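Have the sequence and the 3D view handy as you read.

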Amino acid sequence: MRRIKQIKRSPKSARSRNKWSNTLFQSALQTLDNCADLKQYSLMNKDLQFLYFEHLIDEEALEREILARLELVSTEQVTTYLKNAQYEHIETSENLVEKIMEGYVAVFYRNGRAWVTDMYGPEVRSIRPSETETTIVGNHDAFIESLYTNLSLVRRRLKTPKLKVLLFEVGEISRSEIALLYIDGLVDEDLLQKLVGKIKNVEIDIVIDSPMFVQLIDDHPYSFFPQFLTTERPDIVISNLSQGKIAGFVENSPVSFISPTNFFDFFHSPDDMSQRWLVGSATRLMRLLAFFITLTFTAFYVAVTTFHYEMIPQSLLISLAESRNRVPFSPLIEALMMEVTIELLREAGARLPTKIGQTIGIVGGIVIGQAAVQAGLVSNTLIIAVAISAISSFVMPSYMLSAALRIARFGFILLAGVLGNFGLVLGITLLLIHLSTLSNISTPYFNPLVPLHPKDLASAVLRLPYWQYSERTTQALTRNKRNNKTSGRRYV
Amino acid sequence: MRKYLSFLIMGLMMGCSDQHIVEDVGFVQVLGLDQMKEEEEDKFLVSAIVPQIEPDAENEREFLTTVSDSDKEAMLSLSRQSNREIENGQLRNVLFGKEAAENGIAEQIKTMNRDPIFGTRVKVSIVNGQAYKLLSEPYTQHPQVSVYLDALIEKESKLHMTPETRLHQFTRDLFEDGIDPIAPIIKMGDDKIALDGIALFNDDKYVDKIDPVDARIFFFLHGSFSAGSVHLTLEEKEKKESAQLLFDSIRNKRKVVVTANGPNDDMKIDVEIHIKGALLEYNGPLDITKNKDLKTLEKQLAKSVEKRAKEVIETLQAKQVDSLGLGKKVRNSISYKEWSGLDWQEVYPNIDIQPHVKAEINDIGVYS
Amino acid sequence: MKSYETEKLHPIHLIFLTYMLQSSVILFSMPRYVAEIIGTNGWVLLLLFGGVVMFNIFLIQLVYKKGEGKSVFDIINRSLPTFFKYPLYALIAIVWALVAVVIAKQYIFIIQIISFPTTPSYYLLSMFLLLPLLLLLHPVYKMVRVSSVFFILAGITIVLTVFVWPEFSFERLTTFFFKEADNPWNWNELLNIYSGFLGYEVCLLLIPYITKHSHLFRSFYWGNGLTTFVYVYTVVLCLGFYSFEQIKHVLYPTLHFFSYIEFPFLIRVENLVYSLFLVKALVTVTFFFWMSSEAIQQIIKVNKPSYLHISIIVMSILLTAPFNTRQEMEKVISFTGKAEMAIAFFLPILLLLLLWRKRKVLV
């Protein structure tokens with residue numbers, strides 16, 4: 001895989017120029033001491049020495065574009081040849097080592113001068129469908145661990161010179177590259193500066209991936225809700241970029257993050273856009289319903305069976321009481337037990353290879369479900385309630401959100417077990433207060449609802465027909481509101 | 001986050017003493033109240049049916065009785081007989097014995113309204129006999145008596161054979177001047193329960209009932225609805241014989257016109273009834289496939305209904321019960337001064353109330 | 001700088017806020033009050049009350065116009081001497097704090113009657129009062145927005161009333177006006193009904209936080225319209241659902257009728273309804289505590305307002321601690337209601353006088 005470097009690097013602070021007492025080559029070797037994977041190659045007849053990491057570069061290209069061509073150049077003309085644009089003259093040792101670490105090949109001439117040339121091209125995974133965010137009819141390519149492949153996936157889709165990329169380096173040790181993508185003219189400069197400021201302020205040793213990185217720059221570190229939309233899908237990225245939002249990539253992470261994000265973004269899947277608008281709207285409404293179910297269903301069961309037995313309709317009552325009759329625990333303990341079991345099952349399934357994962361399904365579904373009821377450890381109504389809440393939580397297109405909701409659910413169950421419906425409403429109120437006061441780079445997290453933007457709210461909760469998307473959403477504060485030129489069906 | 005956590009912890013610190021865990025509660029589904037005899041006249045015989053939730057139990061219900069003069073005391077006494085706490089939150093039916101109903105049930109109704117646990121959807125019914133006896137019967141065909149009884153009354157009131165009298169309706173009509181409450185009345189049959197018509201109340205006291213055969217006519221007069229069927233016997237004057245007729249899928253519209261000009265004795269009430277339905281059975285002499293005969297039949301039908309309606313009204317007037325709510329109509333058509341000067345209870349029996357029936361046969365079925 | 005911090009509030013937030021502020025637990029017993037005090041078809045008088053509120057909001061709007069958008073405290077601070085204004089601030093702060101805690105206690109009282117008769121009321125009360133404390137951590141524009149979101153929860157209860165319609169009958173409304181009241185035209189009691197409309201006076205303190213775009217006063221007029229409509233609707237519904245004599249005996253008619261609703265999967269919805277009313281009580285309580293703390297901050301400068309909030313809440317709980325039974329509660333409610341009414345009317349008038357005098361001095 002070849003890396004084509006077209007991205008302009010962000011200016012780095014000029015390093016103080018070192019007076020070099022010994023040659024660059026010697027000092028580079030000294031710095032890279034004990035790096036067994038460092039490769040040294042010499043072209044003695046041309047008085048040239050090469051230093052590079054074999055696994056970081058594309059060896060074929062090295063052979064083809066450097067060694068083969070240098071062979072043709074006469075020894076006298078080597079220095080002239082190395083003035084070629086392909087080579088960059090390097091004067092300090094730090095700079096040199098830095099370049100080598102980034103996958104450059106360093107070329108040293110006898111007299112102590114040095115050049116570097118970009119040969120970056122390590123092995124990468126090929127582009128494959130995302131496993132965490134699957135779609136049925138939508139695009140199937142997803143980001144991979146290579147930053148530049150990811151940028152390419154975006155640029156392929158947005159053929160505009162207005163797509164800008166900023167690069168930053170974060171991580172004392174890992175020195176990971178962070179790329180911010182935005183569309184010039186749509187993005188709000190203040191927001192961009194805020195995000196840039198936050199990224200520049202990060203002080204950390206290593207950056208592992210995007211979901212980890214966004215936790216370093218979010219506004220509310222104590223909240224359990226994900227505050228940046230993280231996605232592996234280029235189609236989600238471009239649709240957000242076109243709303244004036246900013247997309248971020250972390251080197252070696254297949255996940256990009258999007259900012260500013262609002263709560264409702266987590267409910268959207270690209271499939272909604274591929275579907276007919278009525279179907280898409282119905283799906284989105286269903287997800288919102290699933291959101292409420294996953295939060296409150298088990299809790300409501302607990303509230304009703306503990307405090308408000310009068311709320312159960314007659315037809316349900318007797319069978320519920322009968323199955324509860326053998327259970328030795330209070331509904332609260334029973335529900336917590338079952339919820340923990342489901343969480344264990346899910347976590348086990350997530351950590352195990354797919355083949356063994358199926359076994360987990362059988363053990364969990366049949367053994368625990370069936371046997372626990374028969375043994376009289378839990379009531380079968382609860383099993384249904386817990387299962388429905390669990391399934392509803394898996395409906396969320398965002399794994400991050402669904403994990404957060406599953407945790408929040410425990411709080412709801414506890415409150416319901418202590419204070420019944422009053423506790424449940426108390427929990428919902430708390431959740432609403434929390435959600436409405438969250439923010440993402442100081443834009444409100446609960447946006448189209450708080451503050452209210454009726455048009456945005458409609459398009460967040462429903463999948464409106466495309467002619468309704470005549471204006472960009474307010475989340476990214478874009479000044480360029482016009483989305484489609486006409487509001488009629490001219491786009492067809 | 002800390003503040004949320006502290007909130008949660010604070011919430012959990014307290015154990016709650018107001019828990020009613022569903023299996024620890026013996027939820028009464030039917031409550032029967034009977035007046036005690038002679039020496040204990042102010043006391044009630046309370047019988048309660050609580051569904052059994054132990055899967056191995058032979059009986060599907062727990063039947064509990066006690067003698068008490070207050071509702072709460074009765075509950076405590078019932079609880080002592082059960083392994084569960086006896087509660088009223090799931091009560092569906094309350095049955096009053098006829099004797100208790102004759103003595104007035106306002107106290108009980110008010111008590112039930114005061115306690116929020118009862119809700120307002122409890123069905124109030126009268127037992128023609130003793131509620132205790134009706135409830136103590138095992139009913140081999142319907143082991144779950146409470147469900148059986150509830151479904152029976154529910155179905156009949158949907159068909160407008162008996163009123164839908166819940167605690168709410170009963171209380172509402174009890175407090176209203178211009179209407180007297182009504183309730184379903186049931187009786188015990190042979191291993192079964194059967195509807196026995198409509199119980200008529202004067203204030204909170206049971207006075208009489210309307211037989212199931214007249215129930216439909218009563219409901220024609222009572223209000224607009226659409227359901228059910230009526231079986232009529234038309235008497236053919238010329239031939240001195242009767243024809244049977246079944247009128248089905250009835251839609252009924254009622255309009256009450258009050259003419260009151262001047263003094264009270266001039267007041268006249270016209271109840272206009274417009275019924276529409278399908279003729280499903282007819283064995284009279286008329287050829288119902290012919291338009292003309294159908295019109296004649298409509299007239300005969302109307303006349304027959306009118307006659308029986310008149311009878312029902314006369315019964316009601318004789319018993320001095322305004323179960324049809326005509327008082328409300330009168331009140332709304334006269335001024336406040338006139339109404340407050342009027343003793344409706346006194347005036348009602350002597351008012352000229354005329355039913356006017358218009359019948360319309362929509363179709364005669366799918367086969368002629 | 002353009003950002004969400006300074007972004008204006010959508011008028012609809014303010015409309016919902018007004019509704020949430022005005023209507024609170026008194027809605028539960030409103031139909032009974034109307035039947036007892038005004039009589040048949042008493043809802044007509046509620047329209048008049050709505051009109052009075054409109055006039056009161058108009059007074060506040062005048063303050064806004066004449067004062068050119070200056071905050072209330074600015075106006076007072078500039079024209080009143082210290083020995084006069086400090087007691088004034090203290091007085092209104094106490095009244096506002098009392099109103100808040102009384103509403104909270106009343107709500108908890110209802111919950112206790114229905115579901116938690118033996119749970120200690122201070123436990124429930126403190127659980128409830130933690131919510132306003134949380135809300136008060138945020139700046140006021142966020143509080144306004146959050147409050148309007150709660151309207152969704154409160155709205156559910158309005159929607160639920162649809163299921164009671166089949167039992168509604170216009171006949172029971174009667175054709176008489178203002179007859180058969182138990183306690184007719186008792187001014188004291190009438191004022192108690194009017195206290196159900198209170199809450200709109202919050203706009204007095206919102207003036208400095210609102211930009212022109214939000215149409216503060218127009219929104220409050222609309223909001224008051226909404227409240228009046230909901231009150232009238234509820235009262236009419238109850239009068240047509242219960243018989244007139246019956247309604248006088250039902251303590252909380254609006255709550256009681258929800259128990260008539262039945263779904264195949266759920267019955268006795270009143271258990272949910274009184275829980276959902278939490279948000280209504282919450283908004284009113286929060287804003288009254290906020291106003292109280294704003295007033296106190298004019299007397300003493302506070303670095304950490306959250307400590308001030310806690311102490312206001314604790315103090316007000318202590319002040320109302322002796323009043324616990326329904327009769328005692330009603331006395332306190334009626335007293336604080338009247339005090340609050342006086343503030344709602346006379347504070348704008350006082351402000352107008354101050355503004356008028358100042359103008360004269362300038363001329």
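Among contacts in chain A between residues at least 6 apart in sequence, 66% link residues at least 24 apart; a contact here means heavy atoms within 4.5 Å. For chain B, 64% of the contacts with a separation of 6 or more come from residues 24 or more positions apart.

Before going further, a word on where this comes from: this is a predicted model, where local features need pLDDT of at least 70 and side-chain atom pairs count only at pLDDT 80 or more, while totals for chains, interfaces and linings use all residues. Residues are numbered from 1 along each chain as its sequence is written, chains are lettered from A and ligands numbered from 1 in the order in which they are written, and side-chain values use heavy atoms, with hydrogens and water left out.

**Two chains side by side**

Here are some overall values. Helices (H or I, at least four residues) and strands (E, at least two) are DSSP runs, numbered from the N terminus. Buried means under 20% relative accessible area, exposed over 50%, and partly exposed in between, using a 1.4 Å probe and protein chains only. Accessible areas come from the Shrake-Rupley method with a 1.4 Å probe, and for residues only the protein chains shown count as cover.

| Property | Chain A | Chain B |
|---|---|---|
| Helices and strands | 16 helices, 12 strands | 12 helices, 15 strands |
| C-alpha span along principal axes | roughly 100 × 55 × 40 Å | about 80 × 65 × 55 Å |
| Buried residues | 55% of 492 residues | 54% of 368 residues |
| Accessible surface | about 22,300 Å² | about 16,800 Å² |
| Carbon and sulfur part of that surface | 57% | 47% |

What about charges? Lys and Arg count as positive and Asp and Glu as negative, leaving out His and the chain ends, and each charge is placed at NZ of Lys, CZ of Arg, CG of Asp or CD of Glu. Chain A has 50 positive and 48 negative charges, with mean positions 8 Å apart. In chain B there are 47 positive and 63 negative side chains, and the centres of the two sets lie 7 Å apart.

**The two domains of chain B**

Where they touch, domain 1 of chain B brings 19 residues and domain 2 of chain B brings 25 residues. The size of an interface is often given as the accessible area lost when the parts come together. Between these two domains, the buried area (the accessible area, with a 1.4 Å probe, that two parts lose on being put together, summed over both) is about 1,700 Å², and carbon and sulfur atoms give 63% of it.

Start with Val250(A), which sits in strand E9 (residues 246–250) of chain A. Is Val250(A) buried or exposed? Val250(A) counts as buried because its relative accessible area is 0%. Leaving aside neighbours within four places in sequence, its contacts include Glu177(A), Val207(A) and Phe257(A).

Next comes Met400(A), in helix H15 (residues 399–437) of chain A. With a relative accessible area of 32%, Met400(A) is partly exposed. Beyond neighbours within four places in sequence, Met400(A) is in contact with Pro211(A), Pro226(A) and Thr230(A).

Finally, find His256(C) in helix H12 (residues 253–256) of chain C. His256(C) is at 18% relative accessibility, so this residue counts as buried. Not counting residues up to four places away in sequence, His256(C) touches Asn113(B) and Thr120(B), along with Tyr242(C) and Val250(C).
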